Amino acid sequence: SDLVSSGLPHFVAADLSTVEGCQRAVEETLQTFGGTIDILVCNHGLGSAHERPLHEQSSDVFFDSMKVNLEGPFHLTRLVMPHMVAQTYGRMVYTSSTAALEAEPGAVGYNTSKAALCGLMRSVCLDGGIYNITANAVLPGWVRTEMADTSARAEAQQRHTSSDVIWKERAALYAAKRVVTPHEVAHTILFLSSDESSGVSGESIRVSLGCPL
């Protein structure tokens, strides 16, 4: 219902943790837009609110994170890249996280999958460069999204406080004393998806107001 009300001209609802879901998304996109794909932005993800410290973590929870945050982007890239190779043009952008560089406690699946996503991006950069395909990762800090709100509520429950307190603590990490906005992340992705970014590839770009976390 959120997608229907968003005003998007076209969307595909699919489970991007599965090969079948990724295939459906790519096939419907090709059918809708005349058989070409110029840009792939992997902006889906599974957060860490449900995770536990490593010694208490189940393997199922860990691999669920890997399926969504790493395998999904791999399958999408593998399905889209032949079309970009054929047209000698493409832009690949992957939404990772500052957790790829500075791990968060109690988030082994999230940390590992987001770090590995940067490795996938660099591989795409090397394999696709000769075909005029660029690949970059955007690493946001704390952004007030539904997923981040879920983690704030989970942390607040563990610490017997409110999610507002958690968000104030997160904002205090930044020199600007605020968290990153969704628009700031989106505009970075927009640039990396454009022709103007042709000289930028293989980069993990923080969008974190200078905060390392």
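In this predicted model, N69 counts as buried, because its relative accessibility is 1%, a value under the 20% limit that defines burial. The residue lies in helix α3, which spans residues 59-87. The side chain of N69 reaches the backbone nitrogen of L46, at a distance of 2.7 Å. When residues up to four places away in sequence are left aside, N69 touches G45 and L46 as well as Y110, S113, K114 and L117. Of these partners, Y110, S113, K114 and L117 also belong to the α4 side of the contact between α3 and α4, to which N69 itself contributes from α3.

The axes of α3 and α4 come within 7 Å and cross at roughly 15°; because angles under 35 degrees count as roughly parallel, the two helices are described as roughly parallel to each other. Their crossing is right-handed. On the side of α3, the contact is made by F62, S65, M66, N69, L70, P73, F74, T77 and M81, and on the side of α4 by V108, G109, Y110, T112, S113, K114, A116, L117, L120, V124, D127 and G128. Sorted by class, the contact of α3 with α4 comprises twelve nonpolar, seven polar and two charged residues.

V108, one of the α4 residues in this contact, lies in a helix that covers residues 108-128. With a relative accessibility of 18%, V108 counts as buried. In space, the C-alpha atom of V108 is 6.3 Å from that of L54, although the two residues are 54 residues apart in sequence. L54 is also among the residues that V108 touches, together with E51, Q57 and F62, again not counting residues up to four places away in sequence. F62 in turn is one of the α3 residues in the contact of α3 with α4.

Helix α3 also packs with helix α2 (residues 19-32), at an angle of about 35° and with the axes 9 Å apart. The crossing of α2 and α3 is right-handed. Here V19, C22, Q23, V26 and L30 of α2 meet G72, H75, L76, R78, L79, V80 and H83 of α3. The residues of this contact divide into seven nonpolar, four polar and one charged.

Beyond the end of α3, T88 is found in the loop between α3 and β2, the latter covering residues 90-95. Most residues other than glycine have a negative phi. The phi of T88, by contrast, is near 45°, a positive value in a residue other than glycine. T88 counts as partly exposed, because its relative accessibility is 44%. A positive phi is likewise found at K177, where the angle is near 60° and the residue is again not glycine. K177 lies in the loop between α6 and α7 (182-192), and with a relative accessible area of 56% this lysine is exposed.

Helix α6 (residues 163-172) makes a contact with helix α5 (residues 146-159), and their axes come within 8 Å and cross at roughly 110°. Because angles of 65 to 115 degrees count as roughly perpendicular, α5 and α6 are placed in that category. The crossing of α5 and α6 is right-handed. From α5, the residues A148, D149, S151, A152, R153, E155, A156 and R159 take part, and they meet S163, I166, W167, E169 and R170 of α6. By class, the contact of α5 with α6 has five nonpolar, two polar and six charged residues.

Two residues of helix α7 were examined, namely H183 and L192. H183 counts as exposed, with a relative accessibility of 59%, whereas L192 is buried, with a relative accessible area of 1%. H183 and R144 are 39 residues apart in sequence, and their C-alpha atoms are 11 Å apart in space. For L192 and A99, the separation in sequence is 93 residues and the C-alpha to C-alpha distance is 21 Å. Residues up to four places away in sequence again being left aside, L192 touches R91, V93, T134, N136, V138, S197, V200 and I205.

Notes: Residues numbered from 1 in each chain as written. Predicted model: local features only at pLDDT ≥ 70, side-chain atom pairs only at ≥ 80, totals over all residues. Heavy atoms only, no water. Helix = DSSP H or I, 4+ residues; strand = E, 2+ residues; numbered from the N terminus. Buried < 20%, exposed > 50% of the residue type's maximum accessible area, 1.4 Å probe, protein only. Polar contact = N/O pair within 3.5 Å; in protein donor to acceptor, adjacent residues only side chain to side chain. Contact = heavy atoms within 4.5 Å. Axes fitted to C-alpha atoms, helices over the stretch in contact; angles between N-to-C directions. Parallel < 35°, antiparallel > 145°, perpendicular 65-115°, else oblique. Left-handed = near helix turned anticlockwise from the far one by under 90°. Nonpolar A, V, L, I, M, F, W, Y, C, P; charged D, E, K, R; others polar.
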